[in-house]
Amino acid sequence: MIEGILVEGLIYGIMVLGVFITFRVLDFPDLTVDGSFPLGAVLMAVMLIRGFNPLVGFLAVFAAGFAAGTVTALIHNKLKVPNLLAGILTMTMLYSINIRILQNRANVPLIRTETVFTWITKLFGGTVFEGTALLILMIAVVLIIKVLLDLFFHTDVGLTLGALGCNEQMVITQGVNPEVLKIVGVGLSNALVAVSGGFAAQYLGFADVNMGIGIVVSGLASVMIGEFLFRSNRIALLTLRVLLGSILFKGIMYLGRYYGYYIKMTPNDLKLITGILIIISLIVSKNKKMLTLLKKKEAPEVLK
Amino acid sequence: MIKIHSLSKVFHEGTVNENKAINTINLSVKEGDFITIIGSNGAGKTTLFNLISGNIFPSTGRIEINGRDVTKDPEYRRAAYVGRIFQNPTMGTAETMTLEDNMTIAYYKGCKGLRKSLNNKLRDFFREKLSDLDMGLENRLKDNVGLFSGGQRQALTLLMMVLSKPDLILLDEHTAALDPGNARMILDLTLKYIKDYNLTTMMITHNMGHAIKYGNRLLMMDSGEIIYDIEGDTKKNITKEALINKFEVIRKKEFENDEVLLS
């Protein structure tokens, strides 16, 4: 059970890292995610069935996700469409594309196909439990992605990307084209989301064009839960917070799934719960801000 | 160095709201010039800066910087040689990022690569430059810029701009949002940098005293036109009263013109 939550939290954590980049770093609420997650899943599934090496599959999935993000950024940049609408447009178009990739099917099973997870289980050859093997693999993968991402945000272009979400004028004043940065940022975000989708398909044993519904909301909920854990301005801790948030979120969803029936809850109610989680997070963080503001106002009086 | 040829900007052209913000301006700025610009609200001072920096594009006319026609260049490209400071001290820095990150972004102006520039050598350089500001910022490299005061942030913006070695700097009432003490400090810092780095400067100010006292050339703007342009000794010896007088003389003439038109 706990291994399951951790593995799922880590797989979806890659997606949450993507959501974190757009929503928090770029301040570009990007809904492409709902389309690029299943894009990664279906592309991965089709490539595995065709007998490609999973590594090649992941490269293709990464590129496809980046392309999806680029489309959103271009619609936003060139046609001056609000970022939310640009994302919805790409997401909607991706739905048809995903069905095309699956050759006009809505889903495909991966039961008897070689995946990274069957590979890692074989590699350990029964020395550890299957769940533990998956966990070791996912910890390694997510750690590599996290460290690479941290390094990226310390490079010149990464730093400028961070400034873009906070102060676009400053980025322009420093001689950088914000349109290019948005392509890089949104592209990278969706590439991560697609990779996450690729892992999810292999973990779940199927790819479904509908598996992306509400993904961006669950990603946002994970980011917000993570933000309650600790405060920092260091990117390494911020990405760690995102991953912990994702695991916590999966934990909460697990509780909802397994103990929810006591209050007559079904798995269908999970999306409602996710939304309510976000609303609660918003209320709590708003009150927190008000509390700190009140404290600031009171402080000078105390000094008197 | 900078040549502006019959530059015009019309907002909402062809509608009832048509507004001629800049009306056929010709201006030539020499290297090392320090030009102060005064004028009432809506005179077109900021619009002129927006046109020079590329934030908006002119309806007609041409802008040349260092002999290159930059009229169609986007703002980010012109930023490589035009530095700009806004009235709002939060406009020049990213508040959710640390001081050292902000300075790194400014230090390598222009296209960014996948290189990690920030190292201890650069940090030492930043510390040295920050200690010149005499604000204790050299010990706060890891602090978020959002924690700094308006004066500190504006000083930092100035420093970051100077580090990028611009050919021309545009100061848009950059002390107006600060309290008198900080405004004084920022102005002194600006004058020091202009002198030390021999910066070509255009400064908008509402303070006529400053406009006369600083710089070698003074422009007075009204209704999108440069109505008065003096430099050298003429500028040095002019008084506030004479300027106001001049302003009224020119405005009255326009006023009478309107009267004639209406009657």
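Before I start on sheets: I count two strands as paired if DSSP finds at least two bridges between them. This is a predicted model, so I keep that in mind for everything below.

**Entry 1: the four-strand sheet**

I started with chain B and looked for sheets. One is open, with four strands in the order E2-E1-E4-E5 (chain B) and antiparallel pairing. Strands E2 (19-29) and E5 (68-69) of chain B each have a single partner strand, so they stand at the edges with one side lacking a neighbour in the sheet.

Next I checked how E1 and E4 are joined. Strand E1 (residues 2-11) and strand E4 (residues 60-65) of chain B run antiparallel, with five bridges between them. For a landmark I picked B:His5, which has B:Arg62 of E4(B) opposite.

Then I asked myself what lies across E1, E2 and E4 of chain B. I found helix H1 (residues 45-53) of chain B there, running at about 115° to E1(B).

**Entry 2: the six-strand sheet**

I found another open sheet in chain B, this one with six strands in the order E6-E7-E8-E3-E9-E10 and mixed pairing. I noted an average twist of 15° from one strand to the next.

I followed one pair by residue. Strand E7 (residues 168-172) and strand E8 (residues 200-204) of chain B are parallel and share five bridges. Within that pair, B:Leu170 has B:Met202 in E8(B) as its bridge partner.

H1(B) turned up again here: the helix packs on this sheet and touches E3 (34-39), E6, E7, E8 and E9 (217-222) of chain B. Its direction makes about 150° with that of E7(B).

**Entry 3: where chain B meets chain A**

I moved on to the interface. I get 34 residues of chain B in contact with 20 residues of chain A. The two chains bury about 2300 Å² between them, 62% of it on carbon and sulfur atoms. Which three residues supply more than any other three of the area chain B buries against chain A? They are B:Tyr76, B:Ile105 and B:Lys112, with 26%.

I looked for salt bridges between chain B and chain A, and the rule finds zero. It does find seven residue pairs in polar contact across the interface, both residues at pLDDT 80 or more.

Helices H2 (75-78) and H3 (99-107) of chain B each put at least two residues on the side that touches chain A. H3(B) gives the largest share, five residues. I sorted that side of chain B by class and got twelve nonpolar, twelve polar and ten charged residues.

Definitions and conventions:
Residues numbered from 1 in each chain as written. Chains lettered and ligands numbered in written order. Predicted model: local features only at pLDDT ≥ 70, side-chain atom pairs only at ≥ 80, totals over all residues. Heavy atoms only, no water. Contact = heavy atoms within 4.5 Å. Axes fitted to C-alpha atoms, helices over the stretch in contact; angles between N-to-C directions. Buried area = accessible area lost by both parts, 1.4 Å probe. Salt bridge = Lys/Arg side-chain N within 4 Å of Asp/Glu carboxyl O. Polar contact = N/O pair within 3.5 Å; in protein donor to acceptor, adjacent residues only side chain to side chain. Nonpolar A, V, L, I, M, F, W, Y, C, P; charged D, E, K, R; others polar.
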